[in-house]
Every structure is written in C-alpha cells, then in structure tokens.
Amino acid sequence: MRLLLMLPLACIGSILAGFAAGWVATMIPCQSERLACNINEAVGAYAVLIWAALGPIVFGVTLLVARNRGALLGALCVLLAPLATFFFLATYERWLYDQPDLYVDGRTFLLMIAPPGLAVIAQWLVLRAGLKLPRLRESGSAETDPAKA
C-alpha cells in the first residue's frame, strides 16, 4: 500500500525537479543556431514527461519483485542508461571528426539529458527515503524475514 502512495508522489516530484532543471539551463545563452537551442529545450521537456511516466512503472515493477535498495539502484541504472547512450551517440560523430565544442555540448547536455536524468534521480530518492528499504546484504536477516525471527 505504501508503494502505491509513494509512486505518484515520486512522479510529481520528478516532474517538478526536471522542469526546474530545464528552466535553469535555459538561462545559459545560446551560441549556435537559435532553432537548435529551441529543439534541445523541447526535447528535454518532453523527455522529462516521458521519464516521469516511465520511471514509476519501472520502479514499481522492480519493487514488486525485489524490495531492497540494490534492486532500486539497478532500476535507476536501467533508466539512466538510455539517456547516457543518447548523449554519447549525439556527440560522438562531432567529437570524432571535428573539434569538440564543449560549450555547445555542455548546453545540450544541460537541456536534453540533465532534466530527465534529474527526474529519474528524484524518483529514486523519494522511493528510497519513503519506503525505508533494507540493504541487499540485510534482505535475508531476521528483521526483514519473519520466518527467521
């Protein structure tokens, strides 16, 4: 029951955290094409909404199967991996053939990857703090397993 109450709270908190991070990142001046900057802002905002909806599903299924911090950390890694892969693939060709432009790539990261990443981390923090899950090593102890008590 507690999990069902924490998932919507994590979703709302993640949307607020992601949009706040995106809003702060938009204050960085755009040095490239203005259209590219607008597209990056839109992609970041949509990614926050997608990951805010996808995160509770992945975390909820994970916590139904295994209720410990290790499983929750694994679900966090599963949710962050596509974001890291997308940024790597988006910048790889430019880094390979041209000189990397750290300002443009940093602004792109802060607009497109950081807000959904922060949204997922906010969900993880809310669930970890609100559910008081045992550590992976303690999952078979007498405190958490009534059969061993």
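Predicted model: local features only at pLDDT ≥ 70, side-chain atom pairs only at ≥ 80, totals over all residues.
Author: Helices α2 and α3 are roughly antiparallel to each other.

Reader: How is the packing of two helices described in general?

Author: Two packed helices are described by the angle between their axes and the distance between the axes. In the present case, α2 and α3 pack at an angle of about 150 degrees, and their axes are 9 Å apart. Angles over 145 degrees count as roughly antiparallel, and α2 and α3 therefore receive that description. Their crossing is right-handed.

Reader: Which residues of α2 and α3 meet?

Author: On the α2 side they are W51, L54, G55, V58, F59, T62 and L63, and on the α3 side A71, L72, A75, L76, L79, P82 and L83.

Reader: How many helices and how many strands does the protein hold?

Author: The protein has four helices and zero strands. Read from the N terminus, the order of its elements is α-α-α-α.

Reader: At what angle do the axes of α1 and α4 cross?

Author: They cross at roughly 155 degrees, and the two axes come within 7 Å. By the cut-off of 145 degrees, α1 and α4 are therefore roughly antiparallel. The handedness is a separate description: α1 passes α4 in a right-handed crossing.

Reader: Which residues have the most contacts inside the largest nonpolar core?

Author: They are F59, L63, L72, V120, L127 and L131, in a core of 20 residues. Helices α1 (2-25), α2 (34-65), α3 (69-97) and α4 (102-131) each supply at least two residues of this core. Apart from its neighbours within four places in sequence, L127 is in contact with M6, L7, A10, F59, L63 and L72.

Reader: What share of the residues in the protein is buried?

Author: Of the 149 residues in the protein, 34% are buried. Contacts can also be sorted by separation along the chain. Of those with a separation of 6 or more, 83% are between residues 24 or more positions apart.

Reader: Where does L5 lie, and is L5 buried or exposed?

Author: L5 belongs to helix α1. A residue counts as exposed when its relative accessible area is over 50%; L5 has 58%, so L5 is exposed. L5 and G130 are 125 residues apart along the chain, and their C-alpha atoms are separated by 9.6 Å.

Reader: Which residues are in contact with L110, leaving aside its neighbours within four places in sequence?

Author: On that basis, L110 is in contact with A25, I28 and P115. L110 is placed in helix α4 and is partly exposed, with a relative accessible area of 35%. From L110 to A21 the C-alpha distance is 8.0 Å, and these two residues are 89 apart in sequence.

Reader: In which helix does A45 lie, and how far apart in space are A45 and F19, C-alpha to C-alpha?

Author: A45 is found in helix α2. The C-alpha atoms of A45 and F19 are 6.8 Å apart, for a sequence separation of 26 residues. A45 counts as partly exposed, at 28% relative accessibility.

Reader: What is a disulfide in general, and how many does the structure hold?

Author: A disulfide is a covalent bond between the sulfur atoms of two cysteines. This structure holds one. The disulfide joins C30 to C37, with 1.7 Å from S to S. The link of C30 and C37 is right-handed, with 65 degrees about the S-S bond.

Reader: Are C30 and C37 buried or partly exposed?

Author: Buried means under 20% relative accessible area. C37, at 2%, is therefore buried, whereas C30, at 23%, counts as partly exposed. C11 counts as partly exposed at 21% relative accessibility, and C77 counts as partly exposed at 48%.

Conventions
Residues numbered from 1 in each chain as written. Heavy atoms only, no water. Disulfide = S-S within 2.5 Å. Buried < 20%, exposed > 50% of the residue type's maximum accessible area, 1.4 Å probe, protein only. Core = buried A, V, L, I, M, F, W, Y, C linked by side-chain atoms within 4.5 Å. Contact = heavy atoms within 4.5 Å. Axes fitted to C-alpha atoms, helices over the stretch in contact; angles between N-to-C directions. Parallel < 35°, antiparallel > 145°, perpendicular 65-115°, else oblique. Left-handed = near helix turned anticlockwise from the far one by under 90°.
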